[in-house]
Amino acid sequence: MSRTEMAARHRWIYIGAIVLLVAMVVIGLITYTQQHATNESYRKAAQLSDDLVAAGYPAVPDQGQIARLLGTDGGAVCENPAGALKNALWKVNLSNGATGPGQRPIVADARAVEAEAIVLNVYCPDQLDAFRNKLDDLETDDTVNN
């Protein structure tokens, strides 16, 4: 058997090895990207947790929960937080809890509305000013006893 015949027979082995190598490189790149995003989400979750504790909030969610919920970009919290729909939903949530004609607005506790500003400061600080402008329209006070 000559060298060229042997090389022709083993060509599929070479092609298979190259395909396997390329697949391993792709898997490695995907794994690296996912791990980098996970590390970033845990870093932001730790920062949010520290900021909430520094602001005096006694009950702070687990950092793993925060990381899974908000990820690296803040998730739904950062999707147009000062928009009309979010503003309307916010005001509905700041009511007495009744439904229908019994539902009334309340004077919300200042600390309750400030928590979202802390989240925005960590995850999407570029949208914080527009959100603060909406906060200025709300009537808040120290209404919750600690």
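**Around the Glu 114 salt bridge**

Author: Let's start with Glu 114, which is partly exposed, its relative accessible area being 27%. Keep in mind that this is a predicted model. The partner of Glu 114 is Arg 132, and the two form a salt bridge whose closest N and O atoms sit 3.0 Å apart. Glu 114 belongs to helix α5 and Arg 132 to helix α6, so the pair ties together parts that are 18 residues apart in sequence. Arg 132 is partly exposed as well, with a relative accessible area of 32%.

How many salt bridges does a search of the whole structure find? It finds 2. The other pair is Glu 40 with Arg 43, where the side chains meet at 2.7 Å, N to O. That one stays inside a helix: Glu 40 and Arg 43 are 3 residues apart in α2, so about one helical turn separates them. Glu 40 is partly exposed at a relative accessible area of 24%, and Arg 43 also counts as partly exposed, at 44%.

The largest share of the core, 7 residues, comes from α5. The core has 23 residues, and those touching the most other members are Leu 48, Trp 90, Val 113, Tyr 123 and Leu 135. As a general point, nonpolar side chains in soluble globular proteins tend to be buried together.

Setting aside neighbours within four places in sequence, Trp 90 is in contact with Val 113, Glu 116, Phe 131, Leu 135 and Leu 138. Leu 89, in helix α4, counts as partly exposed at 46% relative accessibility. From Leu 89 to Leu 69 is 20 residues in sequence and 20 Å in space, C-alpha to C-alpha.

Which residues of α3 are buried? They are Gly 64, Ile 66, Ala 67 and Leu 70. Looking down the axis of α3, these buried residues fall within an arc of 165 degrees, so they line one face of the helix. The face turned away from that buried side carries Arg 68 and Leu 69, which are exposed.

Now the backbone, if you like checking torsions. Just after α3, Gly 71 has a positive phi of about 60 degrees. Further on, Asn 80 also takes a positive phi, about 50 degrees, although it is not a glycine. Most residues other than glycine have a negative phi. Asn 80 sits in the loop between α3 and α4 (84-93), and Asn 80 is exposed, at a relative accessible area of 53%.

One last stop, on the outside. Ile 18, Val 22, Val 26 and Ile 30 make up a nonpolar patch on the surface, with about 350 Å² of accessible area together. Val 26 lies in helix α2 and counts as partly exposed at 43% relative accessibility.

Technical notes
Residues are numbered from 1 along each chain as its sequence is written. This is a predicted model: local features need pLDDT of at least 70, side-chain atom pairs count only at pLDDT 80 or more; totals for chains, interfaces and linings use all residues. Side-chain values use heavy atoms; hydrogens and water are left out. A nonpolar core is a set of buried Ala, Val, Leu, Ile, Met, Phe, Trp, Tyr and Cys residues joined through side-chain atoms within 4.5 Å. Buried means under 20% relative accessible area, exposed over 50%, partly exposed in between (1.4 Å probe, protein chains only). Helices (H or I, at least four residues) and strands (E, at least two) are DSSP runs, numbered from the N terminus. Contact means heavy atoms within 4.5 Å. Patches are made of residues with over 30% relative accessible area and no salt bridge: like charges are joined within 9 Å, nonpolar side chains (Val, Leu, Ile, Met, Phe, Trp, Tyr) within 5 Å. Accessible areas come from the Shrake-Rupley method with a 1.4 Å probe; for residues, only the protein chains shown count as cover. A salt bridge is a side-chain nitrogen of Lys or Arg within 4 Å of a carboxyl oxygen of Asp or Glu. The arc is that of the directions from the helix axis to the C-beta atoms.
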